[in-house]
Amino acid sequence: MKKTDNEFRIQFISKSSNESFARTVVSAFVSQLDPTVEEINDIKTAVSEAVTNCIVHAYPDSVGEIYISGSFTKDGTVKIRIRDTGKGIEDIKKAREPLFTTGGSDRAGLGFSVMETFTDKMNVRSAVSKGTTVTLFKRIEGKNSDN
């Protein structure tokens with residue numbers, strides 16, 4: 001990966017009220033690259049899905065920690081990592097299938113599909129009883145394409 005131009009790290013508890021906090025922090029950070037409205041909305045949507053997965057699936061019966069870090073390079077490549085230390089995912093391949101959910105009938109099973117749709121690349125790592133890390137990559141062309 002290219003040399004990081006800027007980065008941040010935050011940590012917060014897995015309460016649903018913190019999902020909008022995460023979106024705001026990430027969008028404020030990425031705004032330094034002068035993204036288009038569509039680019040910023042794409043990132044906010046992907047981050048929302050990742051944080052919601054942590055809240056709903058990683059810590060279904062408890063409150064735990066969510067860690068987000070982000071960086072970008074001079075060429076506008078943004079990397080956002082969302083990590084939890086929750087229950088983990090038994091079968092990542094199955095979990096990434098559209099409409100698959102372990103969250104019951106009130107869940108659509110589209111979280112990973114949405115994250116993939118709104119980013120250029122997504123990596124998922126997980127270990128049962130240790131947690132999950134989702135890494136999102138998005139190239140910001142921005143309003144000024146000479147970033």
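Q: Before anything else, what kind of model is it?
A: It is a predicted model.

Q: OK. How many helices and strands in the protein?
A: The protein has four helices and five strands. Read from the N terminus, the order is β-α-α-β-β-α-α-β-β.

Q: And what share of the residues is buried?
A: Of the 147 residues in the protein, 44% are buried.

Q: Now the largest nonpolar core. Which residues touch the most other members?
A: Val51, Ile66, Ile68, Ile80, Ile82 and Leu136 do, in a core of 33 residues.

Q: Which elements give two or more residues to it?
A: Strands E1 (4–13), E2, E3 (77–84), E4 (121–127) and E5 (131–139) do, along with helices H1, H2 (37–58) and H4 (111–117). H2 gives the most, nine residues.

Q: Take Leu136. What does it touch, leaving out residues up to four places away in sequence?
A: Leu136 touches Ala46 and Val47, then Val78, Lys79, Ile80 and Ile82, and also Met115, Thr119, Lys121 and Met122.

Q: How do H1 and H2 pack? What angle?
A: The angle between H1 and H2 is about 145°, and their axes are 9 Å apart. The crossing of H1 past H2 is right-handed.

Q: Which residues meet there?
A: From H1, Glu19, Ala22, Arg23, Val26, Ser27 and Val30. On the H2 side they meet Ile40, Ile43, Lys44, Thr45, Val47, Ser48, Val51, Thr52 and Ile55.

Q: Switching to rings. How many aromatic pairs?
A: The structure has three aromatic pairs. In one of them, Phe12 with Phe21, the planes are at 85° and the ring centres 5.7 Å apart, so this pair is edge-to-face.

Q: Are those two buried or exposed?
A: Phe12 is buried, at 6% relative accessible area. Phe21 has 38% relative accessibility and is therefore partly exposed.

Q: And Phe29 with Phe72, what geometry?
A: Phe29 and Phe72 make a tilted pair, with 5.0 Å between centres and 45° between planes.

Q: Which parts does that pair tie together?
A: Phe29 is in helix H1 (residues 18–30) and Phe72 is in strand E2 (residues 65–73), so the pair links parts 43 residues apart in sequence. Both Phe29 and Phe72 are buried. Phe8, Phe29 and Phe72 together form one aromatic cluster.

Q: Which charged side chains lie over a ring face?
A: Arg83 lies over the face of Tyr67, 4.1 Å from the ring centre. Lys121 lies over the face of Phe137, at 5.4 Å from the ring centre.

Q: Back to E2. Where does Gly70 stand, buried or exposed?
A: Gly70 lies in strand E2. Its relative accessibility is 5%, so Gly70 counts as buried. Leaving aside neighbours within four places in sequence, Gly70 is in contact with Asn6, Glu7, Phe8, Phe29, Lys79 and Ile80.

Q: How far is Gly70 from Thr135?
A: C-alpha to C-alpha, Gly70 and Thr135 are 9.3 Å apart in space, and they are 65 residues apart in sequence.

Q: And Ser71, buried or exposed?
A: Ser71, also placed in strand E2, is buried at 13% relative accessible area. Beyond residues up to four places away in sequence, Ser71 touches Thr4, Asn6, Glu7, Phe29, Thr77, Val78 and Lys79.

Q: Where is Lys74?
A: Lys74 sits in the loop between E2 and E3. At 60% relative accessibility, Lys74 is exposed. Lys74 and Leu33 are 8.8 Å apart in space, C-alpha to C-alpha, and 41 residues apart in sequence.

Q: Last one, Asn53. Why does it count as buried?
A: Asn53 has 19% relative accessibility, and buried means under 20%. Asn53 lies in helix H2. Not counting residues up to four places away in sequence, Asn53 touches Ala58, Phe112 and Met115.

Terms used:
Residues numbered from 1 in each chain as written. Predicted model: local features only at pLDDT ≥ 70, side-chain atom pairs only at ≥ 80, totals over all residues. Heavy atoms only, no water. Phe/Tyr/Trp six-rings, centres within 6.5 Å; stacked < 30°, edge-to-face > 60°. Buried < 20%, exposed > 50% of the residue type's maximum accessible area, 1.4 Å probe, protein only. Lys NZ or Arg CZ within 6 Å of the ring centre and 35° of its normal. Core = buried A, V, L, I, M, F, W, Y, C linked by side-chain atoms within 4.5 Å. Contact = heavy atoms within 4.5 Å. Axes fitted to C-alpha atoms, helices over the stretch in contact; angles between N-to-C directions. Left-handed = near helix turned anticlockwise from the far one by under 90°.
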